[in-house]
Amino acid sequence: MTKTNEKRKIVFAVYPNANGFGFVYMENARKLLDDGAVRINPISNRKVMERIKRALEYFRPSIVIVLDPEGKTSRTGRRVINLVKEITAYAATEHLPVVQYSREQIKDVFEQFGAVTKYEISQVILKEFKELDPKAPKQRKLWTSEDRNMAVFDALSLALTWFYLND
């Protein structure tokens, strides 16, 4: 079988947040195919699910990685928890396996690189994925809101956690 006839294994990681979601498509732990941060205003799970369904149709991934919003230290809101359930249910109808990781699991993987906070994790990711430099988030002050591009780094940290724990 030639390489062009093989079905590429594509990982789709989606990280829902208060404003929408971040996503990445990866072919392997070093090859980022696409990424983005989608903001929905006004926010509604119906609108977010429409966009996620379109995103899933784009590359036709072989697995979906999503945030586990019910981790022990999670502060995820009810809307996002329900959204994750909807994503999981939709993926099941498409016969796509779904894997969930909590923030604690992501932190455990990146802790070995000296990164614990979201910002520190984004800096570790930037060392490997130079193409994300234009999206580099600013360090957050206590009184400022999170950088909108952080959603991309959150999704990428999910995907990299899956690659790390499955290789």
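Reader: Which residues of α3 and α5 meet?

Author: On the α3 side, R103, Q105, I106, V109 and F110; on the α5 side, D154, S157, L158, L160, T161, Y164 and L165. By class, that contact has 7 nonpolar, 3 polar and 2 charged residues. Bear in mind that this is a predicted model.

Reader: How do you describe two packed helices in general?

Author: By the angle between the axes and the distance between the axes.

Reader: OK, so at what angle do the axes of α3 and α5 cross?

Author: They cross at roughly 70° and come within 10 Å. An angle from 65 to 115 degrees counts as roughly perpendicular, so α3 and α5 are roughly perpendicular to each other.

Reader: Left-handed or right-handed, the crossing of α3 and α5?

Author: Left-handed.

Reader: And α3 with α4, what are the numbers there?

Author: The axes of α3 and α4 cross at roughly 50° and come within 11 Å. That angle makes the two helices oblique to each other. The crossing of α3 and α4 is left-handed.

Reader: Which residues make the contact of α3 and α4?

Author: R103, I106 and F110 come from α3, and K118, I121, V124 and I125 from α4. By class, the contact of α3 with α4 has 5 nonpolar residues, no polar ones and 2 charged ones.

Reader: Which residues of α3 are buried?

Author: R103, E104, I106, V109 and F110.

Reader: What covers the buried residues of α3?

Author: The cover includes the strands β1 (11-17), β4 (63-67) and β5 (98-101), along with the helices α4 and α5.

Reader: Switching to charges. How many salt bridges are there?

Author: The count comes to 8. As background, side chains of opposite charge can pair when their charged atoms come close.

Reader: Is D154 buried or exposed?

Author: D154 is buried, at 2% relative accessibility. K118 is partly exposed, with a relative accessible area of 25%.

Reader: Where does E146 come in?

Author: The side chain of E146 also meets that of K118 in a salt bridge, 3.0 Å from N to O. E146 lies in the loop between α4 and α5 and K118 in helix α4, so this pair ties together parts 28 residues apart in sequence. E146 counts as partly exposed, at 31% relative accessibility.

Reader: Which residues are linked in a network of salt bridges?

Author: R103, K118, E146 and D154. R103 is one of the buried residues of α3.

Reader: What about K135, where is its partner?

Author: K135 meets D35 in a salt bridge of 2.3 Å, N to O. K135 lies in the loop between α4 and α5 (150-166), and D35 in strand β3 (residues 31-39), so the pair ties together parts that are 100 residues apart in sequence.

Reader: How accessible are K135 and D35?

Author: K135 is partly exposed, with a relative accessible area of 26%. D35 has 17% relative accessibility; buried means under 20%, so D35 counts as buried.

Reader: Back to α4 for a moment. Where is S122 found, and is S122 buried or exposed?

Author: S122 is found in helix α4 (residues 118-128). S122 counts as buried, at 0% relative accessibility.

Reader: What is S122 in contact with?

Author: Leaving aside its neighbours within four places in sequence, S122 is in contact with P137, M150 and F153.

Reader: Last one. Where does E57 lie?

Author: E57 lies in helix α1 (residues 45-59). E57 is partly exposed, with a relative accessible area of 44%.

Reader: What separates the C-alpha atoms of E57 and E70?

Author: A distance of 27 Å, with the two residues 13 apart along the chain.

Conventions
Residues are numbered from 1 along each chain as its sequence is written. This is a predicted model: local features need pLDDT of at least 70, side-chain atom pairs count only at pLDDT 80 or more; totals for chains, interfaces and linings use all residues. Side-chain values use heavy atoms; hydrogens and water are left out. Helices (H or I, at least four residues) and strands (E, at least two) are DSSP runs, numbered from the N terminus. Buried means under 20% relative accessible area, exposed over 50%, partly exposed in between (1.4 Å probe, protein chains only). Contact means heavy atoms within 4.5 Å. A salt bridge is a side-chain nitrogen of Lys or Arg within 4 Å of a carboxyl oxygen of Asp or Glu. Axes are lines fitted to C-alpha atoms, for helices over the stretch in contact, and angles run from 0 to 180 degrees between N-to-C directions. Angles under 35 degrees count as roughly parallel, over 145 as roughly antiparallel, 65 to 115 as roughly perpendicular and the rest as oblique. A crossing is left-handed if the near helix is turned anticlockwise from the far one by less than a right angle, and right-handed if clockwise. Ala, Val, Leu, Ile, Met, Phe, Trp, Tyr, Cys and Pro count as nonpolar, Asp, Glu, Lys and Arg as charged, and the others, Gly among them, as polar.
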